[in-house]
Amino acid sequence: MRPPRIDDGTVVLDAFELGDVEACLAGEDEEQARRFGWFPERSTAATVTAAIGRRRESWEDDGGSYAFAVRDAASGELAGGVEVRVGEDRRGAISYWTFPAFRRRGFASRAVVAASDWALAALGLARLEVHAELDNEASNRVARRAGFAREGVQRSHTTVGDSRRDMVLWSRTAPEPREAAARRPVAVITGASSGIGAAVAERLAAAGYRVVLGARRVERVRELAARLGGDAHRLDVRSTESVEAFVAAAAASGPVEVLVNNAGLALGADRIEAIDLEDVRVMFETNVLGLLAVTRGLLSALRRAGHAHVVNVGSIAGAEVYPGGAGYAGTKHAVRAITRILRLELIGEPIRITEIAPGMVDTEFSAVRFKGDAEAAAAVYRGLDPLRPEDIADLVAFAVERPPHVDVDLLEVRPLAQASATVAARRPEPALAEVADE
Ligand code: NAP
């Protein structure tokens, strides 16, 4: 049986032919093609033809190997290749490569999904495996995005030469579509109804996680989750019952590999002589007790996942102090302490702990802090380029996508124009006359 033609609208898979081999040889990515196993050490037109000939025989003779060319559906250009090799006990292995111009564009994961869907159904395979080098972040991401489950790390499986490497084994069994969704690793994100939390949800969903989102404005998180193929639940981190219900629903969604404790707020900026203790109470209940309650509630689910990651969204106010910050900076100092304590308490377990500590980020944060005073909120960001929520989401993804032995402890990040909580370089306001002239 030859591989069929599969078209998912973005990639087209069809049988890998001699012309494709020549295209690879002529391309800049010959080494990748060799790694894929297509070429003898010194390729010539004759040896390549012979190699292809052998492949063709094997397709027809023992059905052991099915090689697809992967093309860009729009241009028809060769983007890479995928090969399914069939072993014993209805088990198969899949490998792939892409030309540099088609990397980081989702081609590889789409091709692996299409080829593995076909192999599981048409070849009746019970299980497919893909191996990714432990330190190859991109390969592990492709496996995750393609719906493979991470099984563990194996020593000495080799893809190139005789090198001995640590390889992550990923597997997929013939799934129902719903089951496939349930097998994706889960990332739980609190406070995902706006700002940083919403951007983190987008970013982790794109990285292959099934996102479970919580916030009090449940309509907002429902809408986002529906778009991202995840789940959303009402969550008030200040309420014990709400946290318990949320945690139970999240733990039932699949293996919880990531928890992003992001829900948080500042209220007011008064000096201690005039501080509103009710505001301080709400901040501590949300930023500190809420974070502790969600973490405590999800810890057993994180342990069950086998390897997991807790990301706490702190702040530069976790290490700096400023007049008017007794409440908020107090809570974020506590977040830093709790993050470090969690690392001490979980040492020896496969759970990573990261604090991301941003400076000024343009979200609803200041509108909340100044209780709807739009002028005061706008003044915070006036005359400088603040960070965007996506900047923080990138850092969360960076920490989460490191190889399992790398634990990013603390990432502090601020806008270029911000040196501390109180020192920022602002562009001068345009004179009124200039504004009037526009
Ligand atoms: P944001 O746009 O106001 O988002 C805050 C999120 O927290 C919202 O989704 C909100 O959802 C949620 N939240 C607040 N109280 C909650 C509660 N009781 N239960 C559940 N969710 C709650 O502000 P943001 O800037 O993205 O803030 C996210 C995190 O970043 C916070 O921890 C904040 O301290 C931190 N941070 C922000 C900045 C900045 O400059 N923006 C800087 C450093 C750190 P609902 O209102 O729908 O519940």
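Trainee: How do the residues of the lining of the second largest cavity divide into nonpolar, polar and charged?

Mentor: Keep in mind that this is a predicted model. The lining of the second largest cavity divides into 3 nonpolar, 3 polar and 1 charged.

Now turn to the largest cavity, with a volume of about 70 Å³. Its lining splits into 5 nonpolar, 3 polar and 3 charged residues. Among them are Leu 267, Asp 270, Ile 275, Met 283 and Gly 327. Helix H10, residues 277-304, gives the largest share of that lining, with 3 residues.

Then there's the ligand, and the space taken by the ligand is the largest pocket. Around the ligand sit 29 residues, with Ser 193, Ser 194, Arg 216, Tyr 328 and Thr 363 the closest. By class, that shell has 12 nonpolar, 11 polar and 6 charged residues. Helix H7 (195-206) and helix H11 (326-345) each supply at least two residues of the shell.

Zoom in on the ligand's oxygen atoms next. One is 2.6 Å from an N or O atom in the side chain of Ser 194, while a polar side-chain atom of Arg 217 lies 2.8 Å from a ligand oxygen. For Gly 359, a polar backbone atom is 3.5 Å from an oxygen atom of the ligand. On its own the ligand has 870 Å² of accessible area, and the protein covers 96% of that.

Terms used. Residues are numbered from 1 along each chain as its sequence is written. This is a predicted model: local features need pLDDT of at least 70, side-chain atom pairs count only at pLDDT 80 or more; totals for chains, interfaces and linings use all residues. Side-chain values use heavy atoms; hydrogens and water are left out. On a 1 Å grid over the protein atoms alone, a cavity is a set of points where a 1.4 Å probe fits but cannot get out, and a pocket is an open set with protein on both sides within 12 Å along at least five of seven lines; lining residues have an atom within 4 Å of a point. Grid points are joined across faces, edges and corners, and a volume is the space filled by probe spheres set on the points. Helices (H or I, at least four residues) and strands (E, at least two) are DSSP runs, numbered from the N terminus. Ala, Val, Leu, Ile, Met, Phe, Trp, Tyr, Cys and Pro count as nonpolar, Asp, Glu, Lys and Arg as charged, and the others, Gly among them, as polar. A residue is near a molecule or strand if one of its heavy atoms lies within 4 Å of it. A polar contact is a pair of N or O atoms within 3.5 Å; within protein, one must be able to donate a hydrogen and the other to accept it, and residues adjacent in sequence count only if both atoms are side-chain atoms. Accessible areas come from the Shrake-Rupley method with a 1.4 Å probe; for residues, only the protein chains shown count as cover. A molecule sits in a cavity or pocket if more than half of its atoms lie within 2 Å of its grid points.
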